[in-house]
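Good morning, and thank you for coming. Today I would like to walk you through one protein model, beginning with a pocket and ending with contacts between charged side chains.

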Amino acid sequence: MTKKRKVFSFNSQLYKVTGVQRVLMDIHRAVRDDYDARVVGTVPYERVHSDIGLSRAEYVRLRNPLMFRGAIVIVHERKFLALFWLLNHLLLQRIKIVYVHHNEFSDHRCLSVMPRTVVAISDSGVRNLTDFFRVPPEHIHKIHNCVADIHPRPHKVYGGGEVKVLYPARINSQKRQVEIVRRLVGRLDKRVRILFAGTGPGYEELRRLTDGNPNFVAMGYQADIYSLMERCDFVLLFSGHEGLPITLIEACMMGIPIVCSNVGGNPEIVTDGVNGYMLGRDDWDGLAATLNSLAATSMEGYRRMSEAGRRRYEQCYVFEIFRENYLKLLSEL
């Protein structure tokens, strides 16, 4: 029996659930049948967030970096690239490094020692790697994120009345929930209700700002996000910058129309007027007007957007395509 090659997926922040951890687990699930695959973190297993879905048998806590010798290591944090460069060039560990570039960055270029194999998750990520980090195009492999298909049935159709708009994201400055409330307070139709699902460094301020305001609800962390999506009419993500948001792919998978900012990989998921609404990064007037217009959406118009989002998901973001792309990439290392 041929011994399977070792593949380690490494991230130091497995105590929380963001798009990074979810993509890491998707890659792990995509390759674990063909490789001796483990997830490596820096925290005890007891601190690994339960919603990541990682079993104890699949987890290894990093104690000695020499454990990676001769393996493929998929790195999900740019700050650790220098460590792996040192392991290879000073200690001759012969590690095949795959770096997944989850977002757009504009700092620490000199400290970002890019390997020969880099995965970009969007066209904007490719541009960021070539223009800012000066990564040779032949070293970049574009692979979209994915979402496992758990909702093949059509989403409910908006039928008027209150418009439930779900904003599922970590509460921080990148996702801009606090700024959104400050910009939109007093400007929204009374039928519009934005549900902020998530926690993070800005949660307490968001909760304070939204307390008593019928247009906004700070819900905190929600483990069963799909059940919440089923009860909502639109998904909102008005970030300042993005990679390729899992949230928007999930919305397409479930056939929920989207309202989002034109940043990062968002234009690869949303086509304005087709499966949602795309607005300029700082078009706050446009955001208010768009949200206020949602209550006028006809049942047929909603159904068309819902079906268009589902088609986009099936064409680009299913797990099977994702798995095939990663297996092909690893087979070439």
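I shall discuss a pocket, a surface patch and some salt bridges, in that order. Please keep in mind that this is a predicted model.

Let us begin with the second largest pocket, which holds about 400 Å³ of space. Its lining consists of 17 residues, and nearest the centre lie Lys96, Ile97, Pro115, Arg116 and Thr117. Two elements, helix H2 (81-89) and strand E5 (96-101), each give two or more residues to this lining. Helix H2 gives the most, with four residues.

Together with Leu66, Leu86, Leu90 and Leu91, Trp85 makes a nonpolar surface patch of about 490 Å². Is Trp85 buried, exposed or partly exposed? Its relative accessible area is 38%, so Trp85 is partly exposed.

I now turn to the salt bridges, of which the whole structure has 26. In one of them, Arg78 pairs with Asp107, with the closest N and O atoms 2.7 Å apart. Arg78 lies in the loop between strand E4 (72-75) and H2, and Asp107 in the loop between E5 and strand E6 (117-120), so the pair ties together parts 29 residues apart in sequence. Arg78 counts as buried at 14% relative accessibility, whereas Asp107 is partly exposed at 32%.

A further salt bridge joins Arg176 to Asp282, where the closest N and O atoms are 3.0 Å apart. These partners are 106 residues apart in the chain. Arg176 is buried, with a relative accessible area of 5%, while Asp282 is partly exposed at 46%.

Notes. Residues numbered from 1 in each chain as written. Predicted model: local features only at pLDDT ≥ 70, side-chain atom pairs only at ≥ 80, totals over all residues. Heavy atoms only, no water. 1 Å grid on protein atoms, 1.4 Å probe; cavity = no way out; pocket = protein on both sides within 12 Å on 5 of 7 lines; lining within 4 Å. Points joined across faces, edges and corners; volume = space filled by probe spheres on them. Patch = residues over 30% accessible without salt bridge, like charges linked within 9 Å, V, L, I, M, F, W, Y side chains within 5 Å. Areas by Shrake-Rupley, 256 points an atom, 1.4 Å probe, with all protein chains shown as cover. Salt bridge = Lys/Arg side-chain N within 4 Å of Asp/Glu carboxyl O. Buried < 20%, exposed > 50% of the residue type's maximum accessible area, 1.4 Å probe, protein only.
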